[in-house]
Structure formats: structure tokens, C-alpha cells
Amino acid sequence: MLNSLVKFTMQYSEEQLNYFRLCHVGFNLVPEGLRRIFKQEWNFRFKTPLGGEWQDTPQNGRQFFSKEGKRSRSKNARYLATVQSGNTTEWDCSCLFFAILYSDSIGSTLAVAIKSDVDDLRQVRNDIAHICEGKLTDAEFQNHIGRVLRSFTSLGLQVNDIEAVRKQTSFPTAELQNLASLVDTLKKESKRKEVDLQETRNTLRKKEEEVEVLTQEIEFKIEPFCILSSEPSHEVIRRTNDIKRLMEKLKDLQDATHDQQTVSTVYISGTPGCGKTQLARQLGQEFFATSRDSHGLTFVATINAESIETIATSYITLGKHLGITEYSLTKLETSRRERPPETIQYLKLLIMKRVRKFSKWLIIADNVDQLNAVRRFLPQTSSKEWGHGQVLFTTQNGSSIPCNAKHTYHESFSQGMEEDEAVNLLKSVSQIADEEKAKQVVKVLEYQPLALAAAAYYVQTVAATGSPHYSWADYLAVLMQGQREATEELLAKESPAYPHKMTTAIRLALKKAIENDTVLRQTFIFLSLGASESIPMESAVEFVHYYCEELPEELVESKISRSSLFLFANDGEGTKFMRLHSTVHNILKERSILNLESTESYENTATAIGIFHNLIRSEKTRLREEGYTYALLNKVKNHCKALLHYLKSQLTSLEGAFEDELVCFIDPWDIIHWMWSTAKICNTLRDFSSADWISEIACNLLDKWNCQDTGLPNVILKVGVLSVRGTVHMNIGKYQQAKELFEQALSIQQTFVEEFNMAAGVSRMELGDAPNKQSKVCNWLLMSIEYVPLADLYNDLGMVYCFTEQHNQAIEQLEKALEILKMTYGEDHPRVPETYNRLGFVYSEIGKYKEAKDLLEKAVHILAKNYGEEHVYVADTCCLLAKANTHNEEYETAKELYVRALKVQMKIRGEDLSVAHSYFGLGGVFHSIGQNEKAKEQYEKGLVIQRTIFNEENAIIARTYSSLGEIYRGMEELSQATHHHNKALNILKNTFGEGHRDVAACYTRLGHCFLSIQQYNEAKENYEKALMIPKKIFGEEHRDVATGYYNLANMYEEIGEYKEAIELYKNSLAIRRKIDGDKHSEVERIFIKLKTINKRLKRNVKKTKTKQSQGRPEEE
């Protein structure tokens, strides 16, 4: 029968089969593709406006019809009759080509590329329809099918079916299909039998595995074990005190949970690189070592808690140590990759039973990123299921750590290592034993273990590979060039314990915090605008709250406090401070990580200006309070400077772009006021270079706006800015410029007073019938507004005249100020002693020490009357009085006054700048009476205080170095003396330039040192430099010039060149007589010098004549 069927089956040629296959593609597969393209284009255009996509409904057909114009409806009536049904399965190729290519709704707006591809399909369909013989060669078939494939691919349509037709090699008939079906049935039967056989084999193997598992469990012996994180390749310094403290906390928690046999938890948080992992590793070692000595089993296990996947992997490792069979773990290994959470939960059940067999255990969950996400996979605090054990978490993110929870302890290690341990780490890894430099490095790297390890490894590697003399000084120079991140690469590449460079790790942590928390983002923005100094947390909270008004301030503070990316400290008076690590601050300074738009940037800047200005105001108020130190004022100054530098970097011209940028968010006068205040505190803290450029900007802005408003606030601002600029010039020795600025400010204030008096005259007339008390109050207020600023300017001018040796004019200006202050406030007001102090200074300068003492004693009396004997203002004025007594050689009285002042200052202020000045004054007294060891001790005490307030390059510290140099000279330790004078000279030249009075004083003192060791050329060179500076600043007729001539004369006298000495002494004498008169002590001293030299000259002439008369040659 089968043979008969095969015999009568019709046979087809290859060319006919090619034709049949192409017809199948053209009339079946192409229409399916066209339907998809039609729906795609329709939905793209009309889905939204018509309220629905094409769903082959009559409504869709009517919508299509309504989109066609009259011409289209007439021309394509036959196609539209079919289209109106809406069912695309009824549309043939012609209908679909019309709808896509030629309809008004789609064809008129069809993309060129799509139109080209669809039209190509249309041409293929037409070619098929015109084939007469029903045959296609292989080449023709491949050409047509290739065109269809290209169009389908370009249109994004599936080509699998077309490829199947193109590759088809057999075309079975019905008979062959029946035979194939019979064969397939036989194959299925055979396969079913094979499956049954395999199931039997699997059951047998499973039984064998179960026997093996039971055998392993019976034979497994539980033993103590310790699994720790990777150890660094370099030597690790044990953090002894930290380990001891944490072990005590672990024991306290263990004892507290002993009766309940529950789990307790410890959290270690901190910035990336603070050593959390290695600290946990050391703690695990200590825990295991001490616990093994006790009864019962112990284990320590480290879980990499960076992600759920790493927890699952770590649990499998823990399972092996706890005796879970290889068979179970192998099965779990597969599920771990596919379903980590389910795997962990199952592993927990297996592990939990075995953990309870241990009397003590510690699980270290290391590198936790999202605490809330991973906590559920680890033993829970107070849980009894796990037995009596402890969990130690290490995490960067402290925001999710529970506060004050039962059976928990949290400690942040963002502060880094202790100094001695940090230094030991540097020394052991780097193999460089320079402890002094190592201390500088640990301070710069802020005691952060990863940064220290990277630095030491870098230095050790560089020294071992070609630069044997490479030192910590060289490394610090690299840091100063901003190449810190490059030095971290070596350790990150070569040590598996550190997957990231510290800078990279911090950058990742910052990015995450900024993206996920608005409060932290705004806090970082605020801190990025200032310096790296600490700042009151309330300032940061104020900034954040400005942008997050919906959040209570206490919630903002809580969010900030729980972040490990900040460092916190208290000042002992209840104020909480915060700051950033230098690396964090440097990354934020790059700005790109904050992703700020320019408008947001200017608004942030304006807000920060307001906050910093408020800080300045509050600190200036506190200057008058008991117990105040300059430390915070110095930090505020540095924040303001950093913000100004940022402004300069943001704005093309700091004076030219305010109107368009910042003034949208802040009044221009507020900006100038802030700059004025910042320049004033720079002056107060002797940061003259900063005061100079800041006050210059403020003055330029005043000139630019040239505001004609003569109202009180603007007058006060103008006078204030000019006055502070004048004070800057006075402090840096530019006395003429200072005088001009003070006089300009004085002119503005006097004009204001005149205009105000005209208006106020009416007011005073109207006050005629008012009660007498009220009249007095109003007049006092008017005097304060009009005349007190004049008194301040007279005081400033008085000091300029004093420094330029115009002492009569100085006294005249100061007495004007004194008269105004007395008239305004009365004789016993605390403002009056300010001018008494200045007058006392002037009288001391001209040698009238009695007058100076009388004035200063008045000042002390008035201040004591107002504030009491033990007040800092009284103590400060006692120091001035003590200085006058020192000049008058009343040393015991001076000592008593300094000791009295120090007692009050120390009690009220602690070790602040005023205490340092008192130490210096007392040291000066000891130096004057030849007790140089005691003098040195006092100066060193003061220097320690200064260093806590100022950086090493500050002019105040330079002056202290110079004073110490003089003390060493008095002790005849001349190498130390020249060393200190040179240090002072370098700082002062960098601060003020060559032409400053203090620089001249350093040259003079260096000249004294060289003269003492008979290095006359060097002495002469320094004396001449010292002479040239005051001549350039003051002209010929000035005391400093007279002193310069005297020093040179003294040197020439010592080397026996008497003619030059006499000429120079006469120059000095002429100036002194003109300034001080004939009865001044210095004038008398020069007369004595000249008489002595003249006697020597006469004696020498007489000796020469005697020798000549005896016929002997003159001795050389």
C-alpha cells in the first residue's frame, strides 16, 4: 500500500519549489509584517489624541476613514470599503500598501526610510504576481528573498520565519509525514523508558548520598575556629588602646546578656580608610585568643556583608567550619547564585543549630553598606535562637545604627589612630626612622590608617627602587602639589586587603550620600564653601534648614550627627563643632561631585555669606565676654577667606559680575558689609595680607557703585570700609596710604555730622518741652551717631602719626578723640580707657614714661571701677602699664603687674592670645634683668599658645621667633639666635615684603648676632639693609633711621674705623636732637660715644708722634 502511494505522488522540480516558497513569503509572511508596521505607525500618530490604539475594531476603521480626504475616498473607495471593517487580518497586500504608503492619515507623513522599505516589499510582491511559468532559479529565489529580508530587518520585523523558508531543504508529502509520525512515536516510547531507568539510578544515588551525609555528620568533630578578613601585605600596627576599650565593651555586653543567653551587638563606624576592617580583624584575634582560655567552645567568623550575594558566600564558608556537609553546601552553592536571600535563610536554619553548641562566638559583619538591608540576614540583637554570642558590624553609614538600644554599643573611628600608633605604622612600613617628620605626616593625613599605610608603602617603594634618599620631606612636597591620590595607587594595586584607594573609596561614599540624602547633600555644599576648619554645627543646620524648611532643626541635626563622613567635637561650653577630613573637603572642592547649577551655586553662596557674617557678629560680641578665646574667630576668618576665594573663582571679575549673579539673592551692601567685617577680623588676628586684599575688594565695590545715599547705614559702611583699609595699610607699614584713607573716612563722617546736625537741630528744638531725662537720652544717642565714629578715626590717625614719628600730631588727634568720648560717655565710661592706652603708648615711644604710666593707671582705675578688679580688660591694661614700667626700669613693679594680669587672664580666658602676650611681657622683664632662662621659658609658653591659633607663617609667630632670637643672643647661644632671627625674617618678608619696619628690625638683630661673633661683613650687610628700609618708609628724620646710623657707627667703632664711626654717630645725633631734644637719654648716650672716640683718636695721634720722634715705624 505504501509503495502504491509513493508511486502515484506527484514530483516537483527545485525551481518549482523555489516559486512555491517565495509565494508563501510574499502572500503569507509579508502581509503579517505589513500589519505590524501599519499598527505601529497608526499608534505612533493617533493613540493619544484619539484615546486608544489600533485594536482591529470597526471603530478603528471609522477613525481611519474619517482621516481620509474627499479625493482619497473617491480614488480608493475599493480599499476603504475593506478598511472600514477595522480588521487588518482581512486586508490583503494591496489594501495594506494603500493604508501605509498612500493614505492621507499615514502615507502623507511617513518617514522616508520606512516608505522606502515598504515600497521595496510592494515591488517584490508585484514581481511574484508577474512570474508566468511558476518557476524560479536558485539565484532568482535568493535575490527576491534577500530583498524581503533586508526590508524586514530595516523595519525591525522578525525574520525567523523567512530565514526558515530560505534554508528549507525538504518538502515532505502526507505519506512521508505519516511515516515520520510513526518513527517519532517509537522514539518517545524509548525515551520514556530511558527516563524511568535514570530515575531509578537517581533514587539509588540519593540513598547512597544520604548514607554518606549521615556518616559525615556522625564523624564530624566540633572544634574552635577563627575566620578573619585578608591581612595586608605590609606590617600592621596593633591599636592597643582601641582593642582594649572594645574588648571591655564586648565583655560588658556579654555579662549583661549572660542570664538570658541572648545576642548583643557592637557597631564600628567611620569614614572610608579609618581602619574599621583591620580594627575588627585585630579585635577578632583578641576575642578568639582570650576566649579559648575559658571553658567551652569558641569561634570567630567574618561575614563579608557588602551585599546579599557576599553574605551568602560567607555563610557557606561558615557552614563548612560548622560541619554542614559538602553535599548540602554544594546544592546551596547552586541556589546561592540564583536566589541568594532564600539560600541565606535556609543556611541560617542549618547554622543556627550548630552555633548554639558554642559557649562564645563573635560574628564580624564587615563592610556593611546598607545596614537595614542586611541586618535581617544576621543574628538579631537580643535573639535567643543563636545562643549567647555577639555580632560586630563595621560600616561607613552610621545613619541606620540604633541610638541607645539595649544590648548594643556604637563607636565611631573617623578620628583615626592615636598619634604614637600612627607614627609607628609609618616608621615600620616605610623603614624611615625620622620621628619628627613622621609626626608632621600623620597630622597632615589626619591619623587615617589607610592613608598612612599608602603613604608609607609609597615612600618605601620609591626609596627601594632608585631614590634611596627619598624622605618624608619629599613626600610632603608631593602632597603640597596636590598629588596625594597618585601616591595611593601603589598600595591599592598590590595589596588585596585594600580594594580601593582611600580617595576613591571616599569619593564613592560621598557620591552615594549626596544622591540619597538631601540633608547630607546640603551640608556638604555648605562645608565645601568654607575652609577645612571646624564650624559650629548650628551654622550647618541653619544652612540646611533654609533649603529644607519642612524638616525640624533637631531632625536635621540628628541626620548630620549620624553620618560618619563628618568629624565632631565639643568646645567644653556646650557648643558642638563639626568638620570634614581634608580628603573629603578636597573632593568637595572639585565641585563636580555636587552637580550644582550656576543659579543654585550663587544662592548657596549668598546663604553662606549671611551665615558667616552672623558668626562674625556673634564672635565680635563675645570678644568682650569673659573667657573668650580667639580660636573660633580664627576659624570663622578662614571660612570667610575660603568663600571669597570661591567667589573669585566663580566670577570672571569679582567686582563686575555681582549685579547679574549674586545680587539676585543678596543685597550688594550686605556683601560689602560682610567683606568689611572679614577684613576687620583679619586685622584683629594679624592676618594682614588677607585683610589687605579683602578690604581692597570692598573699597573697589564702593567706588564702583558710588552710592550717593547719605543715610546712616551707608555712611557707617563707607566709613567702616575706608577705616579698615586704612588700618591694614598702617599695620603693613604703608603709613601715607593709611593716613589718606583715614582722612577720606573722616571727611565723609564730618560731612554727615554737619548734615545731620541741621536735621537734628529741629529735633532738639522739638525736645525743648520734653522732660529733662528724655532730652538727655536723645542727645546722647545723637552724640553716639555723630561723634563717636569721629573719635575712632581720630584714634586711628593718632596712631599713624605716632608710627611716623609725628608725636605732637599724634597726641593732638588722640586728645580730640578723648574729648569726644568724655563728652559723649563721661569720664568713667569703659570706652575712654581705649584712648588713654593709646596716649600712654605714644608717651612711652617718646620716653615720657611717667606721663605714660599716669594715663595707663587712669585706664586701669576706670576699667576696674566698671568691671571689677578681676576682669580681662583690667588685666589687658595692666599689661600695657607693666610694659611702661619695664621701659622705666621698674622691673619688680612690671613683674607684679604681669603676674596679676596672667592670673586673671588664665582664670577667665584660659590659654588665649592675651595670655601669650602676657607671657611675652613677663619674658621681656626677665630678659631686661639678665634672667634669660626664665625669659626663654615665658616666650616658649606664649609660642605654644600662638601655634594653636595661627599657622606657622603668621607675622605674630615671626615676631615671637625674633624675640626668642634676642634671648638666645643674651644667653650667648648665637647659632640658635641667628636661626630664630632667620626664621622670623623669612616669614615677615613673605608676609609684608622687603620694605617693612619689622623686616628692618630682623636685619638689625641679625646684625647684632654677627657683630657678637665678629663676622663684620655680615653685620655690616644686615645693618645697612636695616637702615635703608626706614629711610625709604619715613625719610631721613625718624628714630629708626637714627638707630640704624647708631648701629653702623657702633660696628665701625668696634673694628677701629673711627672716622666712619664719628660721621655715622653725628648723623644719628642730629636726628635724635631734632626729634627728642638735647636731654633725651639716647642723645646723651651718643654724646658719650663721640667723646670716647675722640679721646681714643687723640691718644692714637699722641702715640704716633712719640714713635716717630723715637725713629720707630708706625705699627699697623
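**Surface charge and salt bridges across the chain**

On the surface, K1091, K1095, K1098 and R1099 gather in a patch of positive charge, a patch being made of residues with over 30% relative accessible area and no salt bridge, with like charges joined within 9 Å. Lys and Arg count as positive here, and the place of a charge is taken as NZ of Lys or CZ of Arg. K1095 is found in helix α49, residues 1081-1109, and counts as exposed because its relative accessibility is 56%, where exposed means over 50% relative accessible area, buried under 20%, and partly exposed in between, with a 1.4 Å probe and protein chains only.

This is a predicted model, in which local features need pLDDT of at least 70 and side-chain atom pairs count only at pLDDT 80 or more, while totals for chains, interfaces and linings use all residues. Residues are numbered from 1 along each chain as its sequence is written, and side-chain values use heavy atoms, with hydrogens and water left out.

The protein chain has 49 helices and 9 strands, assigned as DSSP runs (H or I of at least four residues for helices, E of at least two for strands) and numbered from the N terminus. Of its 1116 residues, 49% count as buried. Leaving aside residues up to four places away in sequence, Q282 touches V236, I237, R238, R239 and I243, contact meaning heavy atoms within 4.5 Å.

R239 also belongs to a network of salt bridges that links it with D242, R245 and E411; a salt bridge is a side-chain nitrogen of Lys or Arg within 4 Å of a carboxyl oxygen of Asp or Glu. By this rule the count comes to 47 salt bridges.

Among them is the pair E446 and R579, whose side chains meet at 2.8 Å, N to O. Because E446 lies in the loop between α18 (435-444) and α19 (449-464) and R579 in strand β9 (residues 576-580), the pair ties together parts that are 133 residues apart in sequence. E446 is buried, with a relative accessible area of 11%, whereas R579 counts as partly exposed at 25% relative accessibility.

Another salt bridge is formed by R997 and D1040, the closest N and O atoms being 2.6 Å apart. R997 lies in helix α45 (residues 997-1012) and D1040 in helix α47 (residues 1039-1054), so this pair ties together parts that are 43 residues apart in sequence. D1040 counts as partly exposed, at 22% relative accessibility.

Methods: Patch = residues over 30% accessible without salt bridge, like charges linked within 9 Å, V, L, I, M, F, W, Y side chains within 5 Å. Areas by Shrake-Rupley, 256 points an atom, 1.4 Å probe, with all protein chains shown as cover.
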